[in-house]
Amino acid sequence: MTEKKKLNIDECSIWDDARQMLTKAEQDGVETVWHRLQQQSPHCQFGESGVCCRNCTMGPCRISKKAPLGVCGADADVIVARNFGRFVAGGSAGHSDHGRDCIEALHAVAHGETADYTIKDEAKLLRIAAELGIATEGRQVLDVARDLAAEFFENYGTTKNELSFICRVPEVRRKLWDKLGITPRGMDREIAEMMHRTHMGCDNDAANTMLHAARTCLADGWAGSMIATEISDILFGTPVPRRATVNLGVLREDQVNILVHGHNPIVTEKILEAANDPELIALAKEKGAAGINLVGLCCTGNELMMRHGIPMAGNHLMTELAIITGAAEVIVVDYQCIMPSLVQVGDCYHTKMVTTADKARFTGAEHVKFEMHNGGAQARRVVRMAIERYSLRDPARVRIPCEPVEIVTGFSNEALLEALGGSLTPLIDAIKAGRVRGAVGIVGCNNPKYKHDFCNVNLAKELIRRDILVIATGCVTTAAGKAGLLVPEAIEQAGQGLKEICGALAIPPVIHMGSCVDNSRILQLCGMLADELGVDISDLPVAASSPEWYSEKAAAIGTYAVASGIYTHLGHPPNITGSKIVTDLALSGLDELVGACFVIEPDPFKAAALIDKRITEKRQGLGLSA
Ligand code: SF4
Ligand code: MSK
């Protein structure tokens with residue numbers, strides 16, 4: 001363990017389970033993300049403000065008063081815009097490559113190339129096919145699936161030049177995008193063009209680069225992510241409300257514990273099946289365990305929780321701490337948001353990290369490659385490995401810190417409509433009457449620069465208190481769940497109007513809608529609401545927020561939300577503050593262009609007030625009471 005200052009553990013997290021595990025980490029001599037943040041602080045100001053450029057070997061260049069131009073002549077505005085463009089291209093690539101893997105799975109099922117996956121929601125498959133103009137009448141389901149997979153693949157190339165789900169964007173918004181030249185053409189095309197534009201000697205106009213950043217992110221939201229969500233529902237089932245549990249208390253001292261971490265349900269759905277295999281359960285019992293306990297982390301945890309009620313051990317900052325319990329036999333990962341440190345933390349105990357994707361390998365982990373034709377067999381191999389490792393566990397080093405908290409999950413748009421009695425009318429009526437004053441999607445991550453989950457939880461609490469419905473996805477879900485906000489009983493913490501509506505519908509005031517890619521469900525919902533009201537998305541009393549974000553994907557999500565017309569709060573800015581042009585554009589200029597902008601506020605109470613003010617203005621714009 002590297003020499004370091006003593007951590008103030010009380011300031012690291014609002015949660016008792018996290019603090020207990022951090023104390024144990026220090027006793028066990030294990031380094032965590034908080035310790036490494038101390039070593040990295042203070043951060044480089046050139047990097048933080050975005051004025052460091054490494055795009056060619058005449059540099060690297062960093063902009064200062066003394067040296068206001070890079071070697072090629074690029075100024076701070078150009079460098080910041082280029083860096084931001086590449087940053088969100090990275091995030092968009094993550095979601096959209098996940099989406100591509102989903103299309104490949106649908107393609108394999110449709111072409112009979114796998115016996116391991118099937119179509120679970122045929123009705124949704126047919127509904128989406130019809131929505132996209134694919135003939136369904138009198139056809140075999142697999143024939144329709146073949147055409148749908150082919151249609152989705154087209155979203156990645158350049159021949160069609162149009163996204164399939166552009167049909168879900170209100171017409172007035174589509175016209176605005178056309179006017180601004182930011183209608184996305186194809187997922188891969190926009191990302192490749194962003195890399196091209198930001199090569200030395202291409203796009204040297206900061207505002208122009210930023211517009212293409214918006215276009216790239218719009219492709220992420222309305223294609224890459226939306227396709228990932230819809231195919232996951234088709235292959236694994238569209239979520240419906242169900243109970244689940246969260247926090248480190250979901251680990252079981254007497255069972256083989258398997259943690260799953262990452263994003264794509266293609267791997268974890270098979271692990272779930274294997275964990276329920278009677279033969280493997282019998283083997284676990286033979287080895288002295290009471291059973292096999294599968295628990296989720298981060299977004300793949302959200303996917304399993306939404307569809308099957310599988311318990312959630314924790315969000316981004318809890319991933320190392322879940323291993324530090326000493327109770328995890330194996331952690332199985334696919335890709336995204338998986339700290340490389342997990343291998344070393346696992347090595348401090350008996351926990352084996354298993355990677356499953358060639359595109360996300362970790363030195364020191366065991367690689368069990370999952371492919372379409374072998375998912376079932378590979379999953380059984382991983383579960384067997386976990387069972388074998390149970391005997392390596394040192395009971396003296398096991399500490400499971402608390403009792404799990406109950407939540408309700410599973411609010412797909414289909415489930416929400418069902419809860420509303422089949423149409424959006426009750427929600428729209430409640431908004432018009434001011435009982436639900438608006439809605440905010442609180443999404444995204446954790447970041448050790450904040451007290452873990454302080455902002456996520458307090459923003460959600462503050463908004464529901466103001467009669468604003470909250471939709472949670474990604475790592476905010478676990479935060480809201482641990483705080484007791486994802487159960488119908490949480491209406492007691494809501495304002496009177498929201499309390500009445502949620503009480504009547506028997507839904508929580510904070511609704512769990514899924515993983516990071518499932519923010520596309522929120523986009524679709526906004527599109528439907530705008531169409532029902534005959535307005536643009538930017539006219540709705542809605543907002544988005546990512547209080548504790550860290551990732552390129554979160555920046556891409558924020559950017560597509562803004563470009564779709566949704567006012568978006570971030571706890572801290574991306575690395576753009578070194579450019580006045582880019583910062584002004586993000587914080588106000590975009591409002592004039594696309595009817596929404598970013599707002600930065602680290603204090604969740606002040607952020608709630610700012611969001612409330614915006615929602616009030618939007619309500620007044622629609623002729624509604626404040
Ligand atoms: Fe420096 Fe220009 Fe090269 Fe960037 S592109 S490293 S600013 S010379
Ligand atoms: S996992 S992107 S930390 S939400 Fe989707 Fe959580 Fe943010 Fe990753």
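A polar contact is understood here as a pair of N or O atoms within 3.5 Å, where within protein one atom must be able to donate a hydrogen and the other to accept it, and where residues adjacent in sequence count only if both atoms are side-chain atoms. By this criterion, eleven residue pairs, both members at pLDDT 80 or more, are in polar contact between domain 2 and domain 3. The model is a predicted one, in which local features need pLDDT of at least 70 and side-chain atom pairs count only at pLDDT 80 or more, while totals for chains, interfaces and linings use all residues. Residues are numbered from 1 along each chain as its sequence is written, chains are lettered from A and ligands numbered from 1 in the order in which they are written, and side-chain values use heavy atoms, with hydrogens and water left out.

The protein is divided into domain 1 (76-236), domain 2 (242-397) and domain 3 (410-621), with bounds that come from an automatic or database domain assignment. The centres of domain 2 and domain 3, taken over C-alpha atoms, are separated by 31 Å. Across the boundary, 19 residues of domain 2 are in contact with 28 residues of domain 3, contact meaning heavy atoms within 4.5 Å. The area buried between domain 2 and domain 3 is about 1,800 Å², and carbon and sulfur atoms give 66% of it; buried area is the accessible area (1.4 Å probe) that two parts lose on being put together, summed over both. Of the area that domain 2 buries against domain 3, M306, N315 and L317 supply 35%, more than any other three residues.

One salt bridge is counted between domain 2 and domain 3, a salt bridge being a side-chain nitrogen of Lys or Arg within 4 Å of a carboxyl oxygen of Asp or Glu. R243 forms a salt bridge with E489, and the closest N and O atoms of the two residues are 3.9 Å apart. On the side of domain 2 that touches domain 3, at least two residues each are supplied by β3 (242-246), α12 (298-308) and β6 (312-314), where helices (H or I, at least four residues) and strands (E, at least two) are DSSP runs numbered from the N terminus. The largest share of that side, seven residues, comes from α12.

By the rule given above, the count of salt bridges comes to 47. One of them joins R397 to D28, with the closest N and O atoms 3.9 Å apart. This pair links distant parts of the chain, since R397 lies in the loop between α15 (375-389) and β10 (405-409), whereas D28 belongs to helix α1 (residues 16-28), 369 residues away.

An open sheet of six strands has the order β13-β12-β11-β14-β15-β16, with parallel pairing; two strands are taken to pair if DSSP finds at least two bridges between them. At the edges stand β13 (510-514) and β16 (598-600), each with a single partner strand, so one side of each is left without a neighbour in the sheet. From one strand to the next the twist averages 25°, with axes being lines fitted to C-alpha atoms, for helices over the stretch in contact, and angles running from 0 to 180 degrees between N-to-C directions. Strand β15 (residues 567-570) pairs with β16 in the parallel sense over three bridges, and T568 stands opposite F598 in β16. Helix α24 (residues 604-621) lies across β11 (438-442), β12 (468-473), β14 (542-546), β15 and β16, and runs at about 175° to β15.

Local backbone features were also examined. The peptide bond from S41 to P42 is cis, with omega near -5°, and P42 lies in the loop between α2 (33-40) and α3 (45-49). Another cis peptide bond joins G59 and P60, with omega about 5°. N161, although it is not a glycine, has a positive phi of about 60°.
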